[in-house]
Number of protein chains: 2
Amino acid sequence: METKRNVYLNMVGIQQAQDCLFEKFGHLETGVQTLDVVQAQNRVLAAPAVAVISSPNFHAAAMDGVAVDAESTFGANDEAPKSLTIGKTAFWVNTGQVLPDGTNAVIMIEHLNILDENTIGIEAPAFPWQYVRKMGEDIVATQLLFPRDHKINAYAMGALLSGGVFKVSVRKRPGVLIIPTGSELKRWQDVTPETMKPGDVVESNATVLTALCADHGADATVNPMLEDDLQTIQAAVSDGVDQGYDMVMILGGSSAGSKDYSKPVIENLGRIYVHGVTMMPGKPLMFGGIGDTPVFGIPGYPVSAIVAFEMFAGPLLLAMQHLPPLKQEVVAVSPVRKVASKLGREEFLRVKIGAVDGRLMSSQLPRGAGSITTLTEADGIIRIPQHVEGIEAGKKVQAHLLRPLDAIENTVVITGSHDNTLDLLSDQIRLEHPGMGISSSHVGSMGGLMTIKKRGCHMAGCHLLDPDDGTYNISYIKKYLPDVPVRLVNLVMRQQGLILPKGNPDKVKRLSDIAEKNVTFINRQPGSGTRILFDFSLKENGLSAADVSGYENEEYTHMSVAVAVLSGRAGAGLGIKAAALALKLDFLPVVTESYDLVIPEIYYHLPKVQALICTIQSAEFKQRVMALGGYGVEQTGEELFRSV
Amino acid sequence: METKRNVYLNMVGIQQAQDCLFEKFGHLETGVQTLDVVQAQNRVLAAPAVAVISSPNFHAAAMDGVAVDAESTFGANDEAPKSLTIGKTAFWVNTGQVLPDGTNAVIMIEHLNILDENTIGIEAPAFPWQYVRKMGEDIVATQLLFPRDHKINAYAMGALLSGGVFKVSVRKRPGVLIIPTGSELKRWQDVTPETMKPGDVVESNATVLTALCADHGADATVNPMLEDDLQTIQAAVSDGVDQGYDMVMILGGSSAGSKDYSKPVIENLGRIYVHGVTMMPGKPLMFGGIGDTPVFGIPGYPVSAIVAFEMFAGPLLLAMQHLPPLKQEVVAVSPVRKVASKLGREEFLRVKIGAVDGRLMSSQLPRGAGSITTLTEADGIIRIPQHVEGIEAGKKVQAHLLRPLDAIENTVVITGSHDNTLDLLSDQIRLEHPGMGISSSHVGSMGGLMTIKKRGCHMAGCHLLDPDDGTYNISYIKKYLPDVPVRLVNLVMRQQGLILPKGNPDKVKRLSDIAEKNVTFINRQPGSGTRILFDFSLKENGLSAADVSGYENEEYTHMSVAVAVLSGRAGAGLGIKAAALALKLDFLPVVTESYDLVIPEIYYHLPKVQALICTIQSAEFKQRVMALGGYGVEQTGEELFRSV
């Protein structure tokens, strides 16, 4: 029994926590080292760099031709050319060569008349210093090349070498010790997907934070993974501080649970300054100091860990090297749907962003701190301040971008129903149209039609059965989008049916068995085409919702339904065959349906939409779809209907 | 005698040359290699990455507390609490642990009444799946994590590991062979500033291009430096192609001179596609193909080499890895002064950019392709198309930024007269006010006053002597800035005098000796305070311009005047003592003058200007000024006059 609990210190806001961090540690700077300039790319100068030689360090010919004393050429013109003697009044020079003594100008070879081996004629005078790079023209010895704290880029390396500065004094890269903790964690080196047991989690935060350290100019060392044990963790932290790391991060165990040892470790060795920040994700962040070394307790959920790093550890690492904050590109976006948010905590909302109709529209991704894919799928992050309760649909708010704006602008935004072939399409379009991409989010077929109405997407995936005539989508378009001219293009025909545990233990033979054999069902959300299909099928069988155990349990995608069946949460669910095949589950076909794309006429001719349609029509896409199983491509890419 | 010349092929425009490059080589891609995910940061996926395990791969507690079957809790409320038995109907779980079989919800520890060691009470029911991270909530096995050509960042590494993808198939980094050529070049490893002779040039392009290759995801190998010899260069290029480099660059020798061997080398081994591009700098660029290997002839001037790389070689290296073009931040700027430009070539104009008066103002830097400092001092680059003859002052044009906009906005723009202490100030302000900086350009004292009038700078350095009363600056402010309220703040008192060759070979004892001993003078540009001082001094001595040999030779800074004397171009120049001391020249004092900053009242209170004034007034700045020699700091930082 584990009931002993830590408690959060008073939680503080992000700004207050950042101020505290910099008050305690803002004076820290990494040491200074001397490097060859050629090794110093992206380093920060610890002292001003002053040229020790001039560039050029001589008067140099800036053209191929002859060097002359300009005065000796005065008076030459095309009626009265002058002749010069090689070796006496004129000297051959190539670009870059030293001007011979007594000369102060170069005449280009193109302007010379070569009279004989020793004599040339000119028809115009040279003015003094023409086509000459004068000594010190670029750099004068003793001049300041760069002030301290200048970050050395490729150009700067050239200027330093040209100014005779071959070694520079730069800030050391901070050393960070990362200590992953958690008895449930496995090193990726120690497992294979096949040997992983339920409860095993692959440690990934150490890798992510190591990469983020690199992005912030720091070198991370990952400690061997530690069990949840106070003494072991304390010893590792203490060793890290003694070894002179510039920062120590304990991964996991920063919360207030009984096995969260970050707090006692830091308290035993030093002092805690902040435990708990009113932000989401990332609330359980803590930091303190052991001697002069900042020590972070980084939350274990992957998104929390990243937010904690980027808000706190990262900026401090930059400051230690006198580097400016990382630049974030910020744009104004409008949420497609209203966003709710709790007062009293600042939220980092991950959003997809689409450039639709000349505006940037955002749709929110799931908020769970445990879902790394909410960051990898995000195009941007909206910070909702703690005093704001939510954002109205359509209101403009700031989002900082995680992908370049031009990539977002080359992306086709697809919403509506989910289908596995959209993933294939996302890969295939990159092959056939480099630079183009698709971004898909799943709000169900009806949700897709509503998003089209709000101009929040370029197209919507749709498979809405009309129970009256057995047709798909067209009657819904007529009813719900009467004023929006659209085209309906078939993506795939697909088999929908019951996804059942491997071996079909309940011996489900038909849809009505769900009710008759009291199999726990996993349903889809209202408004999804599959939900409509299920309700229609129940009715056909003379059943109702009340007859189905688990009718109220909802998932949002076919794959989630399949996972629910795989994990034992449910004994059956309605979904596409591809999802059952992917997880090696049993499948009982119910219907073959048309999964189509509804494309508003105003977007149909956009180059990126045309690129998408070409990709859909390609033989390779169709082959890849067929390889998934459960699909038909007889009509793939065909226009089925046009409401113009 | 060297008169054999290559000729340029027909020169082509940038776009045409780029099109040709991609037509010939755009199909090239680097090979594929398998890397551990932890080694794959910033690499590009060569194949789609598909999850092989779900994350989580089990139903996991999302809170510390007890796991229960939700149904067993139904009906509990504060009037009728329910009790649960540990080990039977309730199971202790910590966040992240596997949900025991038969449970489907977690009740937070904060909501439990612990009755005895085996019994807990609850006063509210749990709903199914509350505080549970369901299997596959983040990632479902078989789902597409990233399509091909996705660049792997820190977040992506986390998603890959979480999805059981421990190794990835990525594009190899292109290998580039850089072959520096040029008999005049010295490797920095082989010289010291002391041992360099006139005509020796430190090779820097190989270092710059190696760093640029790194910025473009490529690995450069630098060949030993080669003499200007056809056979040697040809052998090195041929070896490089045979060894399988993805690209070969010959540095230098791409022009049309007699010792420019890049063209014959490429022609002998393969084919030239472009020789000469109508751009400046960078015109002598050439490229061709040897087999399937692109080979570049990169011009030797440093800015030309960089432009050639960034316009051609760099984008090709990115394309080989399926990386998108590097992002350039573009802003609208207004030139302070009219910019002239020749028709028929596209110019890359390096400019300083200042945020003055809410606008971004640009001032052009020198245009020489040989001056690397024109890039390192630049804040941005304006591309002037080949069909445009110039840019009017004040007209808005696009500039792409070389420094972040916020750094530009934190920069005090100083123009007018040049003084060496401005360099010190530039370094000192970084020490005292991190993030702040100054940007100084030199247009002479009168030019500075005119720039203030046009609101093109925050302040101007000024040392204009009024011959009538011996005062400095005030009478000029009254005359030329009658409508602009300004403050006049002293920066330094400084000695002006004759800068003379070491040892004073002409035995110059007074200013009039210049004329009497017929010493070649090096003058400053009209409008500079020093020019006005010289003209005044000549008049005082009963002399005129005609009496001074070299009066018409002009330089723009004190250091350039000193260099002219050092190099023997001139026997004397008028300038500040600090310049003479820096180059160890002789100095004959003529006058001590007041070098002041003219600061418009509207900018005086800006935080960055106040930071600058604080820095000027600091004891450390004054000490550093005194260490230069030739300066007095009695009035440094004092307000001398206010025209309010």
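**Figure 1. Surroundings of Thr373(A) in the predicted model, with its contacts in chain A and chain B.** Apart from its neighbours within four places in sequence, Thr373(A) is in contact with Ala378(A), Asp138(B) and Ile139(B). Thr373(A) belongs to helix α7 of chain A, and its relative accessible area is 8%, so that Thr373(A) counts as buried. The side chain of Thr373(A) is joined to that of Asp138(B) by a polar contact of 2.5 Å.

**Figure 2. The interface of chain A and chain B.** On each side of the contact, 102 residues take part, from chain A as from chain B. The two chains bury about 8,800 Å² between them, and 63% of this area lies on carbon and sulfur atoms. Of the area that chain A buries against chain B, 9% is supplied by Tyr155(A), Phe166(A) and Trp188(A), which is more than any other three residues supply.

**Figure 3. Polar contacts and salt bridges across the interface, and the elements that chain A brings to it.** Four salt bridges are counted between chain A and chain B, and one pair that forms a salt bridge is Asp427(B) with Arg148(A), whose closest N and O atoms are 2.7 Å apart. Across the interface of chain A and chain B, 20 residue pairs are in polar contact, with both residues at pLDDT 80 or more. The elements of chain A that give two or more residues to the side touching chain B include β11 (144–146), α2 (154–162), α3 (205–215), α6 (302–320), α9 (421–432) and α14 (558–566). The largest share of that side of chain A comes from α2(A), with eight residues. Sorted by class, the side of chain A that touches chain B holds 50 nonpolar, 25 polar and 27 charged residues.

**Figure 4. Strand β13 of chain B and the two strands that pair with it.** Strand β13 of chain B runs over residues 175–180 and is mostly covered, with six of its six residues buried. In a regular strand the side chains alternate between the two faces of the sheet. Both faces of β13(B) are covered, with Gly175(B), Leu177(B) and Ile179(B) buried on one side and Val176(B), Ile178(B) and Pro180(B) buried on the other. With strand β16 (residues 219–222) of chain B, β13(B) pairs in the parallel sense over four bridges, and Ile178(B) stands opposite Val222(B) in β16(B). With strand β17 (residues 247–251) of chain B, β13(B) likewise pairs in the parallel sense, over five bridges, and the bridge partner of Ile179(B) in β17(B) is Ile250(B).

**Figure 5. Helix α14 of chain B and the elements packed against it.** Helix α14 of chain B spans residues 558–566 and is largely enclosed by the rest of the structure, because eight of its nine residues are buried. The buried residues are His558(B), Met559(B), Ser560(B), Val561(B), Ala562(B), Val563(B), Ala564(B) and Val565(B). These buried residues of α14(B) pack against several elements of chain B, among them β32 (486–500), β33 (521–524), α13 (529–540) and α15 (577–582). After α14(B) comes Gly568(B), whose phi is positive, near 90°.

**Figure 6. The salt bridge of Arg173(A) and Asp219(A).** Over all chains the count comes to 45 salt bridges, and in one of them the side chains of Arg173(A) and Asp219(A) meet at 2.9 Å, N to O. Arg173(A) lies in the loop between β12 (167–171) and β13 (175–180) of chain A, whereas Asp219(A) lies in strand β16 (residues 219–222) of chain A, so the pair ties together parts that are 46 residues apart in sequence. Arg173(A) is partly exposed, at a relative accessible area of 30%, and Asp219(A) is partly exposed as well, at 38%.

Figure 7. Arg367(B) forms a salt bridge with Glu347(B), with the closest N and O atoms 2.7 Å apart. This pair links distant parts of the chain, 20 residues apart, with Arg367(B) in the loop between β25 (359–364) and α7 (373–376) of chain B and Glu347(B) in strand β24 (residues 346–356) of chain B. Arg367(B) is partly exposed at 25% relative accessibility, whereas Glu347(B) counts as buried at 1%. A salt bridge also joins the side chains of Arg531(B) and Glu554(B), at 3.4 Å from N to O. Because Arg531(B) lies in helix α13 of chain B and Glu554(B) in strand β34 of chain B, the pair ties together parts that are 23 residues apart in sequence. Arg531(B) counts as buried at 10% relative accessibility, and Glu554(B) is partly exposed, with a relative accessible area of 31%. In chain A, a network of salt bridges links Arg487(A), Glu601(A), Glu639(A) and Arg642(A).

Key: Residues numbered from 1 in each chain as written. Chains lettered and ligands numbered in written order. Predicted model: local features only at pLDDT ≥ 70, side-chain atom pairs only at ≥ 80, totals over all residues. Heavy atoms only, no water. Contact = heavy atoms within 4.5 Å. Buried area = accessible area lost by both parts, 1.4 Å probe. Polar contact = N/O pair within 3.5 Å; in protein donor to acceptor, adjacent residues only side chain to side chain. Nonpolar A, V, L, I, M, F, W, Y, C, P; charged D, E, K, R; others polar. Buried < 20%, exposed > 50% of the residue type's maximum accessible area, 1.4 Å probe, protein only. Pairing = 2+ DSSP bridges.
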